[in-house]
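The sequence and structure are shown first.

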Amino acid sequence: MADESVKNGGGPFGAVIVKDGEIIAGSANSVTIDNDPTAHAEVNTIRKACRKLGTFDLSDCVIYTSCEPCPMCLGAIYWARIKRIYYGNTKKDAADINFADDFIYKELEQRKEKRFVPLISLLRNEALKTFRAWEAKKDKVEY
């Protein structure tokens, strides 16, 4: 999939999700094809697997990916509760071809107001009302 993605104008990344020895979903990076910065192979594959299985919980699955996941993809893998990650290329290999994610890891260590893209709290009291409504909801689906 990664090879095909490169041939078709996408990035050099691919991923598959497997459950009980069966491939549930697979996809490649389509950032440039879809004009979507979140369209990494792992995220695309998680979305497909969740739709196919009808769940947001992929805790019975593993993911095989052509490269060590970036911070966004790693976060998505954790949120999906995937139990194991197998990868080919390392993040250093990706950095060597100008896919460097180190700046994001370094940004996360910075104080919010010192980051390249600052995080600024706004209207917290109003926002908390929605959280309180969620907290009180009796029929919510926890995730």
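## Surface patch and sheet

At 37% relative accessibility, Trp134 counts as partly exposed, because that class lies between the cut-offs of under 20% for buried and over 50% for exposed. The model is predicted. Trp134 belongs to helix H7, which covers residues 124-136. Together with Phe56, Val141 and Tyr143, Trp134 makes a nonpolar surface patch of about 460 Å².

The sheet is open and has 4 strands in the order S2-S1-S3-S4, with mixed pairing. S2 and strand S4 (84-89) are at the edges with a single partner strand each, so one side of each has no neighbour in the sheet. From one strand to the next, the twist averages 15°.

Strands S1 (residues 14-19) and S2 (residues 22-28) pair in the antiparallel sense, over 6 bridges. S1 and S2 form a hairpin with 2 residues between them. In the turn, Asp20 has a positive phi of about 50°. Two of the residue positions that face each other across this pairing are listed below.

| Residue | Opposite residue in S2 |
|---|---|
| Ala15 | Ser27 |
| Ile17 | Ala25 |

Which strands does helix H3 lie across? Helix H3 (residues 41-53) lies across S1, S2 and strand S3 (61-67). The helix runs at about 140° to S2.

Notes. Residues are numbered from 1 along each chain as its sequence is written. This is a predicted model: local features need pLDDT of at least 70, side-chain atom pairs count only at pLDDT 80 or more; totals for chains, interfaces and linings use all residues. Side-chain values use heavy atoms; hydrogens and water are left out. Patches are made of residues with over 30% relative accessible area and no salt bridge: like charges are joined within 9 Å, nonpolar side chains (Val, Leu, Ile, Met, Phe, Trp, Tyr) within 5 Å. Accessible areas come from the Shrake-Rupley method with a 1.4 Å probe; for residues, only the protein chains shown count as cover. A salt bridge is a side-chain nitrogen of Lys or Arg within 4 Å of a carboxyl oxygen of Asp or Glu. Buried means under 20% relative accessible area, exposed over 50%, partly exposed in between (1.4 Å probe, protein chains only). Two strands pair if DSSP finds at least two bridges between them. Axes are lines fitted to C-alpha atoms, for helices over the stretch in contact, and angles run from 0 to 180 degrees between N-to-C directions. Contact means heavy atoms within 4.5 Å.
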